[in-house]
Amino acid sequence: MRRLSVLCTALLLLLAGCSGEEPARRELTAMDTFMTLTVYGQSPAAAEALLEEAAGEIESLEGLLSVTDPGSEIYRANHCGGGAVSLSDPARELLENALALCEETGGALDVTVYPAVRAWGFTTGDYRVPEEAELSALTDRIDYTQISLDGGSLTLPDGMELDLGSVAKGWTGDRLMSLFREAGVASAIVELGGNVQALGEKPDGSPWRVAVQSPEGGYAGVLEIKDKAVVTSGGYQRYFERDGEAYIHIIDPATGHPAKTGLASVTIVADSGLRGDGLSTALFVMGRERAENFWRAHPDFDFILLCEDGTAVITEGLEDCFSLYGDWQDRPLEVVRKQSFHTQ
Ligand code: AMP
Ligand code: MG
């Protein structure tokens, strides 16, 4: 996974570079992934201080949200035997937004899916295929509607566990954009694992060019964006194989099984990283048809679906800013529209 991120960064920089202005850049590993932060237009000292502050913000969010760090607020909520835990403002705000996304997606996103993620071994790397009886017992403990959040007071029924991994990087991207904007930066781009988020446009006024990874390695396409988050959920990002079958890390909360909907990846282009991140996971679980219907009902974002049969599907808002790349140029590209036009 790390190698893919590094490769992705390399292309991103290749495409985004050559602006004539020297950027300031910071690389770090956090939230289990490789991150690159790039800001333009600041003096070297100001940029250095800002990137230091940004790295501190990432560390502090990781400290609040980690499922494995006994010091994190989420860990305490998961291990307090059903009592109430008080959340800090950022964790409360993230959880409120995440719960709203669980609701909006009809539970395709469910922040209580952690027991199933662990049963398959994704939390430790000790992969296994659980028995059906074990999974059906676990799905009884997957239900975000049982979370009670009253102001900053969180109560989770005993035995249920919260995991904000599906939205944490997107939320972090939003926090970094606010930090940069408040510091007067007009042009910045961050890559947080599979998430890319841009503030403004490139210093020369042209859009950022962001590569979309091919599930088979290399790149499937290139997007031109400004002021957007581009978030990808892909089965290829974390999976294991048993007896020729691939088991991926995105779980269908209804069954406890890895989502198997014919999609290889979902990329969301949205104003907010948090929304993009939640929706990329949720639309992966939904599959193509439900994802298209969801988008028609909530058209404030765009998507790119890379299907396992080699078809790429994009929403109409990306028609002028997305192009297929490499091997994918020979494959079908279908455009989803808000309204279908019928000819008589
Ligand atoms: P992402 O990479 O953003 O798609 O998030 C995937 C991560 O979120 C997984 O590694 C799990 O920890 C967790 N997860 C898996 N399936 C779901 C789901 N349906 N809803 C919420 N979180 C999930
Ligand atoms: Mg996500």
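A crossing of two helices is called left-handed if the near helix is turned anticlockwise from the far one by less than a right angle, and right-handed if clockwise. By that convention, helix H7 passes helix H8 in a right-handed crossing.

Colleagues, a word on conventions. This is a predicted model, in which local features need pLDDT of at least 70 and side-chain atom pairs count only at pLDDT 80 or more, while totals for chains, interfaces and linings use all residues. Residues are numbered from 1 along each chain as its sequence is written, chains are lettered from A and ligands numbered from 1 in the order in which they are written, and side-chain values use heavy atoms, with hydrogens and water left out.

I begin with the helix pair. H7 covers residues 168-182 and H8 residues 273-297; helices are DSSP runs of H or I with at least four residues, strands are runs of E with at least two, and both are numbered from the N terminus. The two axes come within 7 Å and cross at roughly 165°, where axes are lines fitted to C-alpha atoms over the stretch in contact and angles run from 0 to 180 degrees between N-to-C directions. H7 and H8 are therefore roughly antiparallel, a term for angles over 145 degrees.

Which residues of H7 and H8 meet? On the H7 side they are Ala168, Lys169, Gly170, Trp171 and Asp174, and on the H8 side Gly273, Leu274 and Asp277, with contact meaning heavy atoms within 4.5 Å. Three of these residues are nonpolar, two polar and three charged; Ala, Val, Leu, Ile, Met, Phe, Trp, Tyr, Cys and Pro count as nonpolar, Asp, Glu, Lys and Arg as charged, and the others, Gly among them, as polar.

I turn to the metal site. The magnesium ion (ligand 2) is coordinated by Ser166 (O), Asp277 (O), Asp277 (OD) and Thr281 (OG1), at 2.1 to 2.5 Å. Donors are N, O and S atoms within 2.8 Å of the metal (3.2 Å for Na, K and Ca), and sites may look incomplete, as water is not among the atoms. Ser166 lies in the loop between strand E5 (153-155) and H7, and Thr281 in H8, so the pair ties together parts 115 residues apart in sequence. Ser166 and Thr281 are both buried, that is, under 20% relative accessible area with a 1.4 Å probe and protein chains only, whereas exposed means over 50% and partly exposed lies in between.

Finally, two loop residues. Asp32, between strands E1 (24-30) and E2 (33-39), has a positive phi near 65° and is exposed at 53%. Asp243, between strands E11 (239-242) and E12 (245-248), has a positive phi near 50° and is exposed at 84%.

Methods. Angles under 35 degrees count as roughly parallel, over 145 as roughly antiparallel, 65 to 115 as roughly perpendicular and the rest as oblique.
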